[in-house]
Amino acid sequence: MTTIALVDDDENIVESLKLFFEAEGYTVRAYHDGESALQGLAEQPPELAILDVKMPKMDGMELLRRLRQTSNLPAIFLTSKDDEIDEVVGFNIGADDFIRKPCSMRLLSERVKAVLRRSRGVNVSEEGDKKTIVRGSLTLDPNRHACTWKGEVVRLTVTEFLILQALSTRPGYVKSRDQLMDAAYDDQVYVDDRTIDSHIKRLRKKFRDQDNEFDSIETLYGVGYRYKEA
């Protein structure tokens, strides 16, 4: 059974979501603050986490920031805050989706399924193993969700991996933001252009943290992005 984690300080919300997702066939682990969740998610990693933003002891943003130091766990933010900057920050630190409360249980369920499909799609192919992509110093192995640059491991979220895979599959060819959305997101998930820009920014930062001369992802203003093979 698929295991998901719920992290929210509102016990009523957690209990409602827990009952709903268990009825949907999931195994659910619940946490009521960021600190206990950080330890629990490290000791027993689920396949996906749903995180509230505002929580005691450690908020959801800080929780995901710390998780991203060692984990590519798919994560959805669920929040009542109607602040666009939270969404931008959330995607910048590696969130896979961002949903505002109140939302229907059915909508949340569909978004969970969409993120899980994307996560599993990186590693599973109906036609068998996917070919490893080698582009100069970059190596992407979709079967293991593994990325290296000059032989050093680069940890990528599911969304980041799919965006980089779409770009590097055909180096030199321009991918519009819409094309990158199609490559990285399920049809039922809507994201705007700024979300793709945030993921590209985070991708560049991860590679430049290892190689400050990294310049393989090019921006063509008003058009999109392309991967430049050295």
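A polar contact is a pair of N or O atoms within 3.5 Å, where, within protein, one atom must be able to donate a hydrogen and the other to accept it. The views below are taken from a predicted model.

**View 1. R106 and its polar contact with E24.** The side chains of R106 and E24 are joined by a polar contact of 3.4 Å, a distance that falls within the 3.5 Å limit. R106 belongs to helix α5, which covers residues 105-123, and with a relative accessibility of 43% R106 counts as partly exposed. When neighbours within four places in sequence are left aside, R106 is in contact with F20, E24 and K113. Of these residues, F20 lies 86 residues from R106 along the chain, yet the C-alpha atoms of R106 and F20 are separated by 9.4 Å.

View 2. By the rule applied to ring centres, the count of aromatic pairs comes to six. One of them is formed by F21 and Y26, whose rings are 5.5 Å apart from centre to centre, with 80° between the planes, an edge-to-face arrangement. Both partners of this pair are buried: F21 has a relative accessible area of 0%, and Y26 has a relative accessibility of 9%.

View 3. Because W149 lies in strand β8 (residues 146-149) and F207 in helix α8 (residues 193-210), the pair ties together parts that are 58 residues apart in sequence. W149 is buried, with a relative accessible area of 6%, and F207 is likewise buried, with a relative accessible area of 1%.

**View 4. R170 over the ring of Y173.** In this view an arginine is set against an aromatic ring: R170 lies over the face of Y173, at 3.9 Å from the ring centre.

**View 5. Two loop lysines with positive phi.** Most residues other than glycine have a negative phi. K57, although not a glycine, has a positive phi of about 70°, and K57 is placed in the loop between β3 (48-52) and α3 (60-67). With a relative accessibility of 65%, K57 counts as exposed. K150 is not a glycine either, and has a positive phi of about 55°; its place is in the loop between β8 and β9 (152-153). At 53% relative accessibility, K150 also counts as exposed, because the exposed class takes in values over 50%.

**View 6. The whole chain as the setting for the close-ups.** The chain contains eight helices and 11 strands, and buried residues make up 48% of its 230 residues. Among the contacts between residues at least 6 apart in sequence, 59% join residues at least 24 apart. The chain exposes about 11,400 Å², of which carbon and sulfur atoms supply 46%.

Conventions: Residues numbered from 1 in each chain as written. Heavy atoms only, no water. Helix = DSSP H or I, 4+ residues; strand = E, 2+ residues; numbered from the N terminus. Buried < 20%, exposed > 50% of the residue type's maximum accessible area, 1.4 Å probe, protein only. Contact = heavy atoms within 4.5 Å. Areas by Shrake-Rupley, 256 points an atom, 1.4 Å probe, with all protein chains shown as cover. Phe/Tyr/Trp six-rings, centres within 6.5 Å; stacked < 30°, edge-to-face > 60°. Lys NZ or Arg CZ within 6 Å of the ring centre and 35° of its normal.
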